Amino acid sequence: MSLKHKDLLGLQELSPEEISLILDTAIPMKEVLNRDIKKLPTLRGKVVATLFYEASTRTRSSFELAAKYMGADTMSLAVATSSVQKGESFRDTAETIEVMGVDLVILRHAMSGAAHYLAQCLKASVINGGDGWHEHPTQALLDMYTIREKKGTLNGLRVVIMGDILHSRVARSNILGLVKMGSEVRVVGPPTLMPRDIEQLGVKRYYSLDQALAGADVINVLRLQLERQQKGLFPSIREYHQHYGLTPERVRLARNDVLVLHPGPMNRGIEIAPEVADGAHSVINQQVRNGVAVRMALLYLLMGGGAEV
Amino acid sequence: MENGKTKARIMDAAKMQRTITRIAHEIIERNKGIRDLVLVGIRRRGVPLAERIGHSIEKIEGMAAPIGILDITLYRDDLTMLSPQPIVRQTQLPFDLNDKHVVLVDDVLFSGRTVRAALEALIDLGRPKTIQLAVLIDRGHRELPIRADYVGKSVPTSLTEQVKVKVKEFDEIDEVTIETLEQ
């Protein structure tokens, strides 16, 4: 069984078996993070480049560390100080990196579909680190790994994704992945931040947080992008918190052993209360650790193999 | 998994067990006991063999030696040539390796590359005092200067043949056969 793709562009293209393969491969990778010598020889001589047109702490450093732990060399293109400022096109930037011998590029870009375009231009493998509103597959994979590690399975779990679903590539990838793996997914948020026809993805839509959280096994809290308030999509941050903030009282509406996830960075006190973020149900720090393991697994599956893919 | 015709059966279940018992005695003899001794089975079939050797050791000495599992997939030297990539499984070494006498256990010693990978993996994980190698079958054709300390049976083979070790844990039967590879 192998990943029969050159790239990882989204969870839409993956089968449940492929998702399981990635999650299973991340398990031995996680063990490496506990070692004294966090270095494997597996991807020695391979070069991994990160090309991030949008800001990131977690995703970019997570990929860089994953590549280094696997023994690969890394290269990070700081777009803000690159020739992109001189107007160099996206395609030229990418091809320039490729001809220097880069084997894999991780791209984050503001336009949906940017990673697909890049994958067509390059012979190198491409991983989508987040494209516009479309997908953020590695975040969803690490979320699923975290849930599966704690709950044993994804099948039949009640997972609530709460917040700004409309603008969230994290939500979209999570929905696609969790539904494929047999979870029951509920989305909840203000109507102005909820896509129409979201049920077509196989989820149940709620506008009341209290209703959505009843009996939940997992709660995934999305970051509120504060700039959306300027566009009049919700009246005030205080009101957002009142209706859609995850407080300890609301966590009690879910099951006793509910998990609380957040992709980060958090707006403490807005979409998530600090006591919940730091509380017993929170697995937010483990998500970050699992993220490195999942990305190591992806690098192995995309780069570790032979010529014919 | 049969990709060749069975040419000969060189061990049945009883012979396998007697061989394992003998190897266990040799390990105890050479190490003058089992102090600081650990057994590390190389996935996959080295693992049940390590467990059986451990069981024999416990029967003889009245005490058990710790047993660990080593997956060497990420240390292989041929990964870029394999498609699809081999599945990676967990390494489980529930003990500190420093200053221990590690006995690596594998089913068949052939080119020596698996053992080379295992040595590299072990050294990344700690600093054993000694590393020894126990194999059920040594079939010759070494490509690297690697040798086993404990050998169940030396079997001369040709390169058109394959030695197949079957263990009850994975294959429902204990036996060792030589197969000719389908041309």
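Predicted model: local features only at pLDDT ≥ 70, side-chain atom pairs only at ≥ 80, totals over all residues.
Visitor: Which residues line the largest cavity?
Guide: Residues are numbered from 1 along each chain as its sequence is written, chains are lettered from A and ligands numbered from 1 in the order written, and side-chain values use heavy atoms, without hydrogens or water. A cavity is a set of points, on a 1 Å grid over the protein atoms alone, where a 1.4 Å probe fits but cannot get out, and lining residues have an atom within 4 Å of a point. For the largest cavity these residues are A:P28, A:E31, A:V32, A:R35, A:L40, B:D71, B:L74, B:Y75, B:V88, B:R89 and B:T91.

Visitor: What volume does the largest cavity have?
Guide: A search of the whole structure finds 3 cavities of 30 Å³ or more, a volume being the space filled by probe spheres set on grid points joined across faces, edges and corners. By class, the lining of the largest cavity has 6 nonpolar (Ala, Val, Leu, Ile, Met, Phe, Trp, Tyr, Cys, Pro), 1 polar (the others, Gly among them) and 4 charged (Asp, Glu, Lys, Arg) residues. The volume of the largest cavity is about 60 Å³.

Visitor: Which strand gives the most to the lining of the largest pocket?
Guide: A pocket is an open set of points with protein on both sides within 12 Å along at least five of seven lines, and the largest pocket holds about 1200 Å³ of space. Its lining comprises 35 residues, with B:R43, B:R44, B:R76, B:D107 and B:T114 nearest the centre, and divides into 13 nonpolar, 5 polar and 17 charged residues. At least two lining residues come from each of β4 (101-109), α3 (113-125) and β7 (161-166) of chain B, where helices (H or I, at least four residues) and strands (E, at least two) are DSSP runs numbered from the N terminus. With 6 residues, the element that gives the most is β7(B).

Visitor: In β8(B), what is the bridge partner of B:V163?
Guide: Strand β7(B) belongs to an open sheet of 3 strands in the order β1-β8-β7 of chain B, with antiparallel pairing (at least two DSSP bridges between two strands). In this sheet β1 (4-11) and β7 are the edge strands, each pairing on one side only. Antiparallel β7(B) and β8 (residues 175-181) of chain B are joined by 6 bridges, and in β8(B) the partner of B:V163 is B:I178.

Visitor: Which residues lie nearest the centre of the second largest pocket?
Guide: The second largest pocket contains about 600 Å³ of space, and its lining divides into 7 nonpolar, 10 polar and 8 charged residues. Helices α2 (58-69) and α6 (169-180) of chain A each supply at least two residues of this lining. Of the 25 lining residues, those nearest the centre are A:R108, A:R169, A:R223, A:Q225 and A:G264.

Visitor: What is omega for the cis peptide bond that joins B:R43 and B:R44?
Guide: In chain A, the peptide bond from A:G264 to A:P265 is cis, with omega near -5°, and A:P265 lies in the loop between β9 (259-261) and α10 (274-277). In chain B, B:R44 is found in the loop between β2 (37-42) and α2 (46-61). For the cis bond joining B:R43 and B:R44, omega is about 5°.
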